[in-house]
Amino acid sequence: MRDRLLEALKKSTADYAEIRVEFTDNTALTYRGPEIDRAESSSCCGGIVRACTKGGWGTAAFDSVDDLGRQVEEACRCAALAGRSTTELAQVEPVDAERPARLERDFRGVGLDEKVRLMGSYNDIILGAGPAIETSYVAYVDSFRRVHFASTRGAYYMEERPQVGCYLVATARDGALVQRAHFSTGSPTTYGIVVGLEEKAREVAERAQALLKAPQPEGGPHTVILNPKMAGLFTHEAFGHLSEADFIHKNPKLRELMAIGREMGPANLNIIDDGTLSDRVGGHSFDDEGTPTRKTYLIKKGRLAGHLHSIETAARMGAQPTGNARAVRRTDPPIVRMTNTYIDSGNMPVDELFAGVDRGIYACDGVGGQTAFEMFTFSASYGHRIENGQKGELLRDVILTGNVFETLKSIDAIANDLTIPEGLGGCGKESQAPLPVSFGAPHVRIRNVVIGGK
Amino acid sequence: MRSVLTASTEARLKQGLEEASRLGASAAKLHLRHEDKLECEFEAGEVKSAGSKETLICTAEVLINGSKGTSTGNRLEDVSTIVERAVALARTAGSAAHFDAYPAPADTTPVETRSERTLALSADEIIEASRRMDELVKTYGADLYIRCGGDRTASESLLVTTGGVCNSWERTAWSLGLFAQRMRGTDMVLTHDQRAWGELDGTYDVEAIAERLIEDMRRAETIVEPPSGRVKAYLPPDTLARFLFALVLGISGRNVAKGESPLRDRVGEQVLAPTLTIIDDPHQPFAPGARSIDDDGVPTQRQTLFENGVLQRFLYDLDTAGLAKTEPTGNNGCTPNNLVVQPGTQPSAELLKSIDDGLFIRGLIGFGQSNVMNGDVSANVGLGFRIKNGEIVGRVKDTMIAGNLYELLAKNVVLSADLDYTGCFPHAVIDGLAVSTK
């Protein structure tokens, strides 16, 4: 494949061109209630050529890998249509590498019948957990991607990117009230991640039933403690997306707002994106432009310390590429994305974090979020009241919203228990989803967070 | 687009059905989709990218001993492998099938989905439309950050089933999108609009998209205190469409059969306000969801879902119809093909004037993260305006809405006589929306 890609790129008439070809095998098995609701597999190949001429990008995405030279010509033709200024792309030492997957336990060696049996056992636990359990959703997914990349700079790599995981969801009902509890996990290295989750299945079933009796929080500002999953989601959604330089580089006002050195939060706040964490799904050796991944400080000691870059945004902003140009599907162009993003550990024991709250809300396990630049909204899977420093009553429908700049400044304590949960991610941007990412944090306390409620 | 729907492709798929039978499948279908797309992105006054995309997807679904296996690949020469994988899945890990056979060919309603004019739309023309949108919005403020773009898609599909269906169809579509951002200090105004349609007709209106964004920016100039408590809300058509999301989940036959829909057992009951008549119309020419036949080979039909607020029926695909022991309605995934809300009687401008104090909801962030199946919503008002004495007086910030969509849509809902560019959604005023603020 190496020679085929480099040969095809000889047809380039652009300032820069790259070609990425992928072979992907996926399996998805889903229980919904007592039956298997979905059993699907796919095996696809295809890719994309991206070319840059006079600063304009042309792309040619394809499923047929038979005539790659023609795709290079098409991308160069489109680039010529788009380009009107100058091509500015940061230099990266061209790689020449092969990175086969290193799997501790290869999911491809496990039979479909075994995967079904395992998921069926979790499903039985959820469905048998109590009379209020109405239905279940238990899904197994695996994916094995082999990515070949080459550029007109002479770079070539082959990287295998496996991932395997599962979702456990319990739905409980009381009359018209329906409540769900979720757990998900994922790994790029081992099938073992989906084994031995019986206790997690019991937990989600019990929580879904307990949430039926839980009240909603009162709407309005509260002191909130976020658990690591929830703080991780906040970091990713509310702040991480603002650090993606493709939002910033052509937007002078936003560039000013996200200027390096700007004070963003308390002095003990450090936020990091690290694509080198090879045991998390956001970790790879190279991004989809051939840049090696690395650890990037986005906030250091409370001040803005860096952005996430592609080769284009790095050149335009006078920075180094950070290895964050990523594509979801084989036919997608790479765009600036996060990898594994987290708030670094602070030094306060978790108990002290809680002790400082007379009345507040403990928000746990984020299930989703959305941002529009400064504004964010995201949901906790569940929450608890905090009264006199103690975790109290269970709460449902805990939804947080606010302005990220104000919220980061309102962080008043960071615990010493950093956790980056194993998961499958599922980030979406510009119609590219679900991207494997992970995120985490220690427990974090924030004052004056608006909680939605009736 | 270079067509792949040749006689030999059809023969190859039919051969795939025979292979499935030989491997023990009691029923099978093969669905091929081939798509060709041109797209263009424009950012900060210049073309960011232009591109083409050609993709092909072939899906095999087979039934063996009451189990269903589905497999997908993207090379025509792999049809045998795709079928073999589907068979292997059905044998070892197949999903429960609730039907025995794919339906025999039946009469279908022809629907226009392919336009020569759309097909002829070039990359240059899409770039020009983007440039025009950028220029128009720039006239309002040179400091605006603008991104826009568009695409043109041509696709062809072929479905063959052991029920005897051999049906092909073609579809064209364009879309245009425009996003603008204004920033003053740390205060940002974000707004966007988009259109998508099958025919290159009056709906392809670059000026209208730009004017809507300019109107948003003008209305956002002043920041005002949001209303609080339970308020009246004005929903433009695209916001109303989002408010119907819970209903789409509720009328899904799958969700009903699995016991998850709050609408189960409620057919014939007054679920929504009497002003709401909602139809699924797959036969509207060039609508994005227009189709004659669904992916199981079941003819589609125009059907009323809510008549004057009374729930009429649920939507079933072939498998779910078997599960619920009813007839399929021609709705893949048990979702509406093309939702249409019947208009009201007053012009939208009068609806706005009728509000003494309320909230105009132009954009929401995080809608759909609550228990939407249950109807619960809680969302941030990404872009919203306060209405006082029938006039928009300014933009609100730090505002969240919460409520139950079933309860909100069961109260006093007033719809406008004028509809959006698709002819599917009116403007609406709803009552009793809970608003919380910082």
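1. The note opens at the contact between the two chains. In this predicted model, A:Ser42 has B:Thr72 as its bridge partner, and B:Thr72 belongs to β3(B). The two strands concerned, β2 of chain A (residues 35-53) and β3(B), pair in the parallel sense, with four bridges between them.

2. As to confidence, the model scores ipTM 0.88 and pTM 0.92. The average pLDDT of chain B is 95, and 99% of its residues score at least 70. Where pLDDT is low, predicted coordinates should not be read in detail.

3. Chain A contains 10 helices and 23 strands. Its C-alpha trace spans about 65 × 55 × 35 Å along the principal axes. The radius of gyration of chain A is 23 Å, which agrees with the value near 22 Å that a compact globule of 454 residues would have. Buried residues account for 59% of the 454 residues of chain A. Among contacts in chain A with a separation of 6 or more, 73% join residues 24 or more positions apart.

4. The domain assignment divides chain A into domain 1 (2-211) and domain 2 (220-452). The C-alpha centres of these two domains of chain A are 22 Å apart. Their contact takes 39 residues from domain 1 of chain A and 31 residues from domain 2 of chain A. On the domain 1 side, at least two residues each come from β1 (16-32), β2, β3 (56-62), β4 (96-99), β5 (133-151), β6 (156-174), β7 (177-187) and α4 (198-211) of chain A. The element that gives the most to this side is β7(A), with seven residues. The residues of this side of domain 1 of chain A divide into 16 nonpolar, 14 polar and nine charged.

5. For chain B, the assignment gives domain 1 (7-215) and domain 2 (222-438). The centres of these domains of chain B, taken over C-alpha atoms, are separated by 24 Å. Here 31 residues of domain 1 of chain B are in contact with 25 residues of domain 2 of chain B. Two or more residues of the domain 1 side come from each of β5 (145-161), β6 (166-184) and β7 (187-197) of chain B. The most is given by β7(B), with six residues. This side of domain 1 of chain B comprises 15 nonpolar, 12 polar and four charged residues.

6. In chain A, five strands form an open sheet of mixed pairing, in the order β11-β10-β9-β14-β22. Its edge strands are β11 (303-304) and β22 (438-440) of chain A, each of which pairs on one side only. Strand β14 of chain A (residues 340-343) is joined to β22(A) in the parallel sense over three bridges. Within β22(A), A:Gly440 stands opposite A:Tyr342.

7. In chain B, four strands form an open antiparallel sheet in the order β11-β10-β9-β12. The edges are β11 (310-311) and β12 (339-341) of chain B; each has a single partner strand, so one side of each is left without a neighbour in the sheet. Strand β9 of chain B (residues 278-280) runs antiparallel to β12(B), and three bridges join them. The bridge partner of B:Ile279 in β12(B) is B:Val340.

8. Is A:Ala315 buried or partly exposed? A residue counts as buried if 20 or more other C-beta atoms lie within 10 Å of its own. A:Ala315 has 18 other C-beta atoms within 10 Å and is therefore partly exposed. Leaving aside neighbours within four places in sequence, A:Ala315 is in contact with A:Glu88, A:Leu89 and A:Ala90. A:Ala315 and A:Ala90 are 225 residues apart in sequence, yet their C-alpha atoms are 4.7 Å apart in space.

Technical notes
Residues numbered from 1 in each chain as written. Chains lettered and ligands numbered in written order. Predicted model: local features only at pLDDT ≥ 70, side-chain atom pairs only at ≥ 80, totals over all residues. Domains from an automatic or database assignment. Contact = placed C-beta atoms within 7 Å. Nonpolar A, V, L, I, M, F, W, Y, C, P; charged D, E, K, R; others polar. Pairing = 2+ DSSP bridges. Buried ≥ 20, exposed ≤ 12 C-beta atoms within 10 Å, placed from the backbone. Rg over C-alpha atoms; globule rule 2.2 N^0.38 Å. pLDDT = per-residue confidence, 0-100.
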